[in-house]
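I opened a new page for this one.

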Amino acid sequence: MIKFYGLIVVFCLAAAGVLLPGCQSWDEITNGPVHIAVNDSPLNWMEILYLPKPGAPTTRITMRDKGEVRVERGRSKLVNTSFAYEYEEDSWGEREVVSFWVPHKRQIEVYQTLVNYGILKVPKEPDEPPVETILVKGNLNGRKIDRYVFDDALIFEIEKLVRLYSRTLTPIKETQEP
């Protein structure tokens, strides 16, 4: 009888030794791997909505197809959503839009950088709400992205991207509070 239980223990330890190295986190099991190599696909796209602080102009960067980039910035509701209907608001016309193309290889590098910094991870809620609001939506290799960004390293990378692509816009003057 003791030999039987001993064999079961040995079998369980052997099975654990074989299976545990291949274990994934719960996030990877439910949502797929968080570190992937971004494929060269016209179906990959990403949209970043960046609000640095309340009252500041919102920036939306849309990356689609094989290198198309659209940058929008302003206080208009149209920057937040293309389906806005509050056309009687004073800020309705406060919007700049520019579209341009980047080399497709560069766009894949941008996607891959954001993946490497954790854009596919399920975010953990911060203890304190961040000053800036960053919302990212997209699809990379068939993986849906729809999340707020709280991770400092990922925020830094997204802010670099916003600064880089916002250079194509003319400067917006900050409004002064009376």
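Pocket first. I sorted the residues lining the largest pocket and got five nonpolar, one polar and four charged. Keep in mind that this is a predicted model. The lining is made up of Tyr117, Gly118, Lys121, Val122, Pro123, Lys124, Arg147, Phe150, Asp151 and Leu154. I noted a space of about 210 Å³ for this largest pocket.

Helices next. At what angle do α4 and α5 pack? I got about 155° between α4 (residues 104–116) and α5 (residues 152–166), with the axes 10 Å apart. Over 145° counts as roughly antiparallel, so that is what I wrote down for α4 and α5. From α4, the residues in contact are Arg106, Val110, Thr113 and Leu114. Across from them, α5 brings Leu154, Glu157, Ile158, Leu161, Leu164 and Tyr165.

The ring centres of Phe100 and Tyr165 lie 5.6 Å apart and the planes sit at 70°, so I logged the pair as edge-to-face. Phe100 belongs to strand β4 (residues 95–101) and Tyr165 to helix α5, so I marked the pair as linking distant parts of the chain, 65 residues apart.

Technical notes. Residues are numbered from 1 along each chain as its sequence is written. This is a predicted model: local features need pLDDT of at least 70, side-chain atom pairs count only at pLDDT 80 or more; totals for chains, interfaces and linings use all residues. Side-chain values use heavy atoms; hydrogens and water are left out. Axes are lines fitted to C-alpha atoms, for helices over the stretch in contact, and angles run from 0 to 180 degrees between N-to-C directions. Helices (H or I, at least four residues) and strands (E, at least two) are DSSP runs, numbered from the N terminus. Angles under 35 degrees count as roughly parallel, over 145 as roughly antiparallel, 65 to 115 as roughly perpendicular and the rest as oblique. Contact means heavy atoms within 4.5 Å. On a 1 Å grid over the protein atoms alone, a cavity is a set of points where a 1.4 Å probe fits but cannot get out, and a pocket is an open set with protein on both sides within 12 Å along at least five of seven lines; lining residues have an atom within 4 Å of a point. Grid points are joined across faces, edges and corners, and a volume is the space filled by probe spheres set on the points. Ala, Val, Leu, Ile, Met, Phe, Trp, Tyr, Cys and Pro count as nonpolar, Asp, Glu, Lys and Arg as charged, and the others, Gly among them, as polar. Rings of Phe, Tyr and Trp (its six-membered ring) pair if their centres lie within 6.5 Å; planes under 30 degrees apart count as stacked, over 60 as edge-to-face and the rest as tilted.
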